[in-house]
Amino acid sequence: MPDIRAMCAIGTRGQLGLRGRLPWEGATGPAFVADVERFFEVTRGHVLIAGPRTAESVPDFARADRTVVAIRSGEAPEEVIARYPGRVIYVGGGPAVWTAYAPLIRHWDVTRLPYDGEADRWFDPAWLVAGGAA
Ligand SMILES: NC(=O)c1ccc[n+]([C@@H]2O[C@H](COP(=O)([O-])OP(=O)(O)OC[C@H]3O[C@@H](n4cnc5c(N)ncnc54)[C@H](OP(=O)(O)O)[C@@H]3O)[C@@H](O)[C@H]2O)c1
């Protein structure tokens, strides 16, 4: 069984994204800084698959010690996963990607941050109970 995981950070009401960025982009509070640091620690050495917009937002320094892959909706999740045998695969979003891969994800790592502002991308709790092959 492939080791497929997901990692995300959400606001207090499930906010995930805003205008192509994290809704709390630029926030310097300790919880926000710790979350970014932890994301890079936890995904180090692993495969990170994400939709084109999310994959593009990964900074260059983070590409040296993880495999960052932009995936497209024309690719079947099972085919994408099969390209990385023996690797831990993190599914990095956005929402349409998590909807498609949720049945395959067996570990969710969700950090709730102290952000209560606007968003145009939202966490969907249905991802956690999507059933499937995980
Ligand atoms: N808070 C967090 O932890 C977190 C994490 C990730 C992203 N975000 C936020 O989310 C936003 C970016 O997400 P986004 O949804 O706008 O764009 P995205 O990252 O490009 O992801 C969505 C796109 O992925 C592609 N895709 C690849 N495989 C797919 C599949 N099997 N099924 C469906 N679509 C698939 C589709 O594009 P095609 O049809 O063109 O292939 C789809 O439009 C930003 O605001 C970002 O900051 C937040």
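Biologist: How many helices and strands make up the secondary structure of the protein?

Modeller: This is a predicted model, in which local features need pLDDT of at least 70 and side-chain atom pairs count only at pLDDT 80 or more, while totals for chains, interfaces and linings use all residues. Residues are numbered from 1 along each chain as its sequence is written, and side-chain values use heavy atoms, with hydrogens and water left out. Helices (H or I, at least four residues) and strands (E, at least two) are DSSP runs numbered from the N terminus. Along the sequence they follow the pattern β-β-α-β-α-β-α-β-α-β-β, and the secondary structure comes to 4 helices and 7 strands.

Biologist: What is the radius of gyration of the protein?

Modeller: The radius of gyration is taken over C-alpha atoms, and the globule rule is 2.2 Å times the number of residues to the power 0.38. For 134 residues that rule gives 14 Å, and the protein comes close to this, so it is as compact as a globular protein of that length, with a radius of gyration of 14 Å.

Biologist: Is strand β1 largely enclosed or open, and how many of its 8 residues are buried?

Modeller: Buried means under 20% relative accessible area, exposed over 50%, and partly exposed in between, with a 1.4 Å probe and protein chains only. Across the 134 residues of the protein, 41% count as buried. Strand β1 covers residues 3-10 and is largely enclosed by the rest of the structure, because the buried residues in it number 7 of the 8.

Biologist: Which residue is the bridge partner of I10 in β6?

Modeller: Two strands pair if DSSP finds at least two bridges between them. Strand β1 pairs in the parallel sense with β5 (residues 88-91) over 4 bridges, and there A6 stands opposite V91. Strand β1 also runs parallel to β6 (residues 107-112), to which 6 bridges join it. In β6, the partner of I10 is R112.

Biologist: Which residues does R19 touch, not counting residues up to four places away in sequence?

Modeller: R19 is found in the loop between β2 (15-17) and α1 (30-43), and R19 is exposed, with a relative accessible area of 62%. R19 and R5 are 14 residues apart in sequence, and their C-alpha atoms are 25 Å apart in space. Contact means heavy atoms within 4.5 Å. Leaving out residues up to four places away in sequence, R19 touches E118 and D120.
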